[in-house]
Amino acid sequence: MSHPVRLFLLACLLLPVAQSASDKKSALDEPTLEAYVRHLFVWGPQIKVEISNAKPSPLPGMLEVSVRASAGNASQDLVFYVSKDGQKIVQGTVFDVKDNPFKADLDKLQTDLQPSFGTPGAPVVLVLFSDFQCPYCKEEAKMLRGNILSAYPKQVRLYFKDLPLEQIHPWAKAAAIAGRCVFKQNPSAFWDYHDWIYEHQGDVTKENFREKALEFAKGKEIDALQFGRCMDTRGTEAEVDKSVAEARELKVNSTPTLFVNGRKLPAQVAWPDLRQIIDHEIEYQKTAKNAGEDCGCEVKLPSPTLN
């Protein structure tokens, strides 16, 4: 067999191998992963898909990739774990058995200097992300305010966080800013404002909100002039924006969303169901002590000046 013929046969044998290698798909290639998740979730061209750079993950041999899908005002964030060769994709939650299963969210929840009611040091902490214009939030607020303190006078503390959904609720952010203005002036009056705004939710519009809010301030321990100035200058907007950013970090996309010792309940919850979860947490924390405000999670120096 002549030398040119042997070279031609060798090239023909190698060609399928080369083609196979070039056709090998990898989920670490952004267009490939985008096409895959679009098919997986039936996301058409109207859905915008953004894919993050791969980063180390808690799973050995896997990389973490975040995918954000959005359309108009709606969005969803997903996390995938991709094998280092790009051939396998895992979607799910990774737990470490030595930690609280909700530790990742517990670490992100910030409750310092937030409106709250209940007992400091309680074994169960509720953190509520809410919107003053949301009708479902109104119902959940009524349920929480009417039951928590009477059922759990010492075992539960609730913190309120703002998540105004501006895209669908035109006066929600103004109401959140006003609520923070009240809290800044007189923290105990915040809950009067909270109850009032939900009670009058159906009467409030974007156009009359300021007037209605000033009506609320009458007869309360609030300086109306200072309150009006705070609303006009949006003096507490940064605090509201910080709460919204925290919600996004926690992948909270709807209101109301309630966290119970870090356990996310992303929809309106019925009182019997919530009570069952709280009772479970009270009993669990007697031995676990890995959540709540008296969890033993903080190591302090034994000094009378550092309590």
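Which residues touch the most other members of the largest nonpolar core?

1. **The main core.** This is a predicted model. Its largest nonpolar core has 61 residues. Leu-126, Tyr-193, Phe-209, Leu-274 and Ile-278 touch the most other members. Helix H5, residues 172-185, gives the most to this core: seven residues.

2. **Around Phe-209.** Look at one of these residues in detail. Leaving aside residues up to four places away in sequence, Phe-209 touches Trp-171, Ala-174, Ala-175, Ala-178, Tyr-193, Ile-197, Val-204 and Met-231.

3. Another core lies apart from the largest one. As a general point, nonpolar side chains tend to be buried together in soluble globular proteins.

4. **Helices H4 and H6.** H4 spans residues 135-151 and H6 spans residues 190-199. Their axes come within 10 Å and cross at roughly 135 degrees.

5. H4 brings Cys-137, Lys-138, Ala-141 and Arg-145. H6 brings Trp-191, His-194, Asp-195, Tyr-198 and Glu-199. By class, the contact has four nonpolar, one polar and four charged residues.

6. **The whole protein.** The secondary structure comes to ten helices and ten strands. The protein has 307 residues, and 39% of them count as buried. Among contacts with a separation of 6 or more, 63% join residues 24 or more positions apart.

Terms used. Residues numbered from 1 in each chain as written. Predicted model: local features only at pLDDT ≥ 70, side-chain atom pairs only at ≥ 80, totals over all residues. Heavy atoms only, no water. Axes fitted to C-alpha atoms, helices over the stretch in contact; angles between N-to-C directions. Helix = DSSP H or I, 4+ residues; strand = E, 2+ residues; numbered from the N terminus. Contact = heavy atoms within 4.5 Å. Nonpolar A, V, L, I, M, F, W, Y, C, P; charged D, E, K, R; others polar. Core = buried A, V, L, I, M, F, W, Y, C linked by side-chain atoms within 4.5 Å. Buried < 20%, exposed > 50% of the residue type's maximum accessible area, 1.4 Å probe, protein only.
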